[in-house]
Amino acid sequence: MDGNVWFALGLTVLAGLATGIGSLLAFFTSRTNTKFLSVALGFSAGVMIFVSLVEIFVKAKVELVAELGMRPGYWATLAGFFGGMLLIALIDHFIPSAGNPHEVRGVEDVEDGPTNDEYAKLRKMGLFTALAIAIHNFPEGIATFTSALQDPTLGVAIAIAVAIHNIPEGIAVAVPIYYATGNRMQAFKLSFLSGLAEPAGAILAFLILMPFLNGVMFGVIFAAVAGIMVFISLDELLPAAQKFDEAHLSIYGLIAGMAVMGISLVLVS
């Protein structure tokens, strides 16, 4: 179990630190590669939706039906699934709109210098965005950690999908901070720190949830993870991918993500 815990924690750390990649892209790229971003976000959404509905939801149902019986187990699975959606929706609701990580900004936005009275507002927006993404990433950290703990192969797939969608979130933090201050290091640090919320969520899961991780708890968490990931895909990844879309690239990315996830599940089964 100790080896599994360290493996699950390491995956969560790597997924969270992808926000730092986003901030580096903001510094060393003059234009946003919209085609790549659209495909990558669509791909991540495809992986998340497919693995949530085909693998995680089914695992949750099997676990809960085995523990509680057919009808109560199915109801518990549905409650966990939609409860996860409700949790992430509430988190989104209470995040100030100016700092919501769903507002994707391009790298080139840095070049359009702000007027004097915009500096304070931009810095505040960057701080809000960093806080918003940290809050947003916290349940993702719990999801990645518990999934990897129960099924390492599934945990790797989830961590990759989460890491891909964390990259534009890192840009969302870095752009307004650098835009307002001109300080690359400050922008990078805030982006980097916002990503640490994911391993923080994993550590919380380890310290608080581990003593209670029986079959029912795993089943409910898995169902909630499926709900959270579907919500993030539909509410965040696909709209962001569509914003940069050219010639239906986001949908092609979505289908490719589903195909890759499906093939990988067959190969490791």
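Let's start with how helix 4 passes helix 9: the crossing is right-handed. Keep in mind that we're looking at a predicted model. Helix 4 covers residues 70-94 and helix 9 covers residues 215-243, and the two pack at an angle of about 45°, with axes 7 Å apart. That angle makes helix 4 oblique to helix 9.

So who is touching whom? On helix 4, the contact is made by Thr77, Gly80, Phe81, Gly84, Met85, Leu87, Ile88, Ala89 and Asp92. Helix 9 answers with Val220, Ala223, Ala224, Ala226, Gly227, Ile228, Val230, Phe231, Ile232 and Asp235. Sorted by class, this contact has 13 nonpolar, 4 polar and 2 charged residues.

Now, over to the annotated sites. What does UniProt list as "binding site"? One such listing, from an unreviewed entry, has Glu140, His165 and Glu169. Of these residues, Glu140 is included in the lining of the second largest cavity. If you want to find Glu140 on the screen, look in helix 5, residues 119-150.

There is also a "binding site" feature, again from an unreviewed UniProt entry, at Asn137, Glu140, Asn166, Glu169 and Glu198. These residues span 62 residues in sequence, yet no two of their C-alpha atoms are more than 13.4 Å apart, so they gather at one spot. Asn166, for its part, is found in helix 6, which runs over residues 152-181.

Key:
Residues are numbered from 1 along each chain as its sequence is written. This is a predicted model: local features need pLDDT of at least 70, side-chain atom pairs count only at pLDDT 80 or more; totals for chains, interfaces and linings use all residues. Side-chain values use heavy atoms; hydrogens and water are left out. Axes are lines fitted to C-alpha atoms, for helices over the stretch in contact, and angles run from 0 to 180 degrees between N-to-C directions. Helices (H or I, at least four residues) and strands (E, at least two) are DSSP runs, numbered from the N terminus. Angles under 35 degrees count as roughly parallel, over 145 as roughly antiparallel, 65 to 115 as roughly perpendicular and the rest as oblique. A crossing is left-handed if the near helix is turned anticlockwise from the far one by less than a right angle, and right-handed if clockwise. Contact means heavy atoms within 4.5 Å. Ala, Val, Leu, Ile, Met, Phe, Trp, Tyr, Cys and Pro count as nonpolar, Asp, Glu, Lys and Arg as charged, and the others, Gly among them, as polar. UniProt positions are given in the numbering used here, feature names are shortened, and annotations may be inferred rather than shown by experiment. On a 1 Å grid over the protein atoms alone, a cavity is a set of points where a 1.4 Å probe fits but cannot get out, and a pocket is an open set with protein on both sides within 12 Å along at least five of seven lines; lining residues have an atom within 4 Å of a point.
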